[in-house]
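Me: I'd like to get to know this one piece by piece. Show me the sequence and the model, and then I'll start asking.

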Amino acid sequence: MNTMALDVSDLHPSAALGDVPMLWTVFAVAAVAAVACVVAMALYGRRRTRRAPATSAGAHAQAGSTQQWLARVDDVVSQYDAGEFPADEAYARLAALAREFAAAHSGCALSTSTLRELERRPSGGTAANWDALRLTIAALYPPEFADAATNAEARDASVHTAAGWVGDFMERWR
């Protein structure tokens with residue numbers, strides 16, 4: 001085995017390289033980074049999603065009252081039964097009510113969200129709520145948009161059944 005020894009007997013410390021200016025440079029970089037973090041946190045805090053305004057159907061209605069929302073679903077069915085609008089309009093109104101309900105209870109603006117946008121929404125801690133909203137909207141799409149002559153889901157659906165889907169969604173929201 002070949003070993004090599006280093007001669008350290010002639011080593012001498014070099015002149016000071018200016019430790020103090022280097023220390024000030026490190027301190028200045030750290031201070032700038034800290035200020036940048038504080039500014040980024042302040043800007044991020046301002047960009048949070050704005051809560052959707054609660055909709056109220058009467059003087060004593062509460063945004064969180066499930067009964068108020070179920071009454072609105074019943075109103076759509078009653079108006080449809082009275083012939084005030086066709087089935088596709090009833091499905092559209094039921095879908096809008098489901099979105100409004102979720103918006104009022106989550107604080108997220110959803111009135112113009114498509115099914116594709118709802119599918120991309122992260123689930124998070126309230127995954128069951130968002131999954132139920134996605135399923136309800138997806139179930140309402142065929143009767144609302146598809147041709148009943150060529151689409152079995154659209155043909156077999158009824159406004160009363162769809163109202164039940166929306167009501168179930170509202171009652172299950174936690």
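**Around helix H2**

Me: Which residues in H2 are buried?
Reply: Heads up, this is a predicted model: local features need pLDDT of at least 70, side-chain atom pairs count only at pLDDT 80 or more, and totals for chains, interfaces and linings use all residues. Residues are numbered from 1 along each chain as its sequence is written, and side-chain values use heavy atoms, without hydrogens and water. Helices here are DSSP runs (H or I, at least four residues), numbered from the N terminus, and buried means under 20% relative accessible area (1.4 Å probe, protein chains only). In H2, that label goes to Gln-68, Trp-69, Leu-70, Val-73, Val-76 and Val-77.

Me: How do H2 and H7 run, roughly parallel or antiparallel?
Reply: They pack at an angle of about 175°, with axes 10 Å apart. Axes are lines fitted to C-alpha atoms over the stretch in contact, and angles run from 0 to 180 degrees between N-to-C directions. Over 145 degrees counts as roughly antiparallel, so H2 relative to H7 is roughly antiparallel.

Me: Which residues of H2 meet H7?
Reply: On the H7 side, you'll find Val-159, His-160, Ala-163, Val-166, Gly-167, Met-170 and Glu-171. Their partners in H2 are Thr-66, Trp-69, Leu-70, Val-73, Val-77, Tyr-80 and Asp-81.

Notes. Buried < 20%, exposed > 50% of the residue type's maximum accessible area, 1.4 Å probe, protein only. Helix = DSSP H or I, 4+ residues; strand = E, 2+ residues; numbered from the N terminus. Parallel < 35°, antiparallel > 145°, perpendicular 65-115°, else oblique. Contact = heavy atoms within 4.5 Å.
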